[in-house]
Amino acid sequence: MFSALRTRAGSGRRPTGRTLRPVLAAGIGILLISCTPAPSVHKDTAYVPAAPVRAGANGRVYVTNQQDNTLSVIDAGTYKVVATVPAGVAPEGVAVAKDGKHVYIANSGSARVSVLDTRNNKIVKTVTVGKSPTGVGLSPDGRSLYVTNGSSNTVSVIDTRTNRVAATIPVGKSPVNVAFSPDGRTAYVANSGSGNLSVIDTSTHRVARKLSAGHSPVGVAITPDGKSAYVADEVGTRVLAVEPAPARSPPCRSARAPSTWPSRPTATTPTLPISAREAYP
């Protein structure tokens with residue numbers, strides 16, 4: 001099953017002037033940290049951090065069913081399942097093209113991404129990626145699909161015009177989710193095994209820096225203005241509201257450690273310093 005993140009019941013506290021975008025995960029509570037540069041469908045829907053539910057521009061909602069190896073297509077107006085499509089082995093993350101013509105499904109058990117044509121609900125292409133693909137994210141221009149490969153510790157970049165892998169990017173341990181800045185210049189990958197975000201420059205397909213992100217970040221979402229990123233920390237059972245630095249900006253020069261979770265190393269490589277600005281219990 002899946003659930004949307006929320007603040008702790010009864011707290012009534014929200015980030016002032018900010019919109020909390022739902023993230024599929026199981027964290028409770030919010031911590032706001034900043035980095036400022038010197039200037040029911042079938043049984044067992046996919047593992048929640050991989051975003052197993054997406055709505056398309058065509059009035060359809062797409063849900064992956066991990067144990068059934070299928071994709072459910074739901075009419076958003078009637079809330080009825082209108083099609084059940086065989087997918088790959090253990091489908092998890094799903095992404096829908098802006099025009100609603102194609103759906104991309106990460107099959108974690110087969111190291112492949114399936115491409116669905118929504119006009120006939122048929123799989124028209126299968127792309128081989130890394131091991132245990134879980135999360136998928138489309139760039140704002142729709143030309144690139146980023147796939148997090150949990151067992152390969154990489155991200156595969158698929159050119160959606162050719163449905164071929166254009167690049168493979170090494171990231172942190174056990175990447176599970178990816179989100180983009182509104183301008184598409186930066187991708188943020190949640191690495192659940194190394195406790196950080198990989199900040200990728202999409203023009204070079206390289207990791208420009210890393211952001212500490214709690215104990216086990218499993219989901220990340222960027223606000224429409226690009227000024228905040230909400231990160232679900234599964235082990236810490238909280239949400240981190242982060243003001244992200246773009247991949248092409250200078251690194252922070254000073255910081256202090258957040259005070260709302262136990263101190264411990266979150267990565268084996270140097271991470272970008274962060275500073276706690278405001279906490280939401």
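This is a predicted model: local features need pLDDT of at least 70, side-chain atom pairs count only at pLDDT 80 or more; totals for chains, interfaces and linings use all residues.
**Close-ups of an all-strand chain**

View 1. Residues are numbered from 1 along each chain as its sequence is written, and side-chain values use heavy atoms, with hydrogens and water left out. Of the 281 residues, 55% are buried (under 20% relative accessible area, 1.4 Å probe, protein chains only). The accessible surface is about 12,500 Å², with 49% of that belonging to carbon and sulfur atoms (Shrake-Rupley method, 1.4 Å probe).

**View 2. An open, antiparallel sheet of four strands, ordered β2-β3-β4-β5.** Pairing means that DSSP finds at least two bridges between two strands. β2 (53–55) and β5 (80–86) sit at the edges with a single partner strand each, so one side of each has no neighbour in the sheet. Neighbouring strands are turned by 20° against each other on average, direction ignored (axes are lines fitted to C-alpha atoms). β4 (residues 70–75) pairs with β5 over six antiparallel bridges, and Ser72 stands opposite Thr84 in β5.

**View 3. Another open sheet of four strands, β6-β7-β8-β9, also antiparallel.** The edges are β6 (91–96) and β9 (122–128); each has a single partner strand, so one side of each is left without a neighbour in the sheet. The twist from one strand to the next averages 25°.

**View 4. The β7–β8 pair, joined in the antiparallel sense over six bridges.** β7 covers residues 102–107 and β8 residues 112–117. Look for Ile105, which stands opposite Ser114 in β8.

Definitions and conventions
Buried means under 20% relative accessible area, exposed over 50%, partly exposed in between (1.4 Å probe, protein chains only). Helices (H or I, at least four residues) and strands (E, at least two) are DSSP runs, numbered from the N terminus. Axes are lines fitted to C-alpha atoms, for helices over the stretch in contact, and angles run from 0 to 180 degrees between N-to-C directions.
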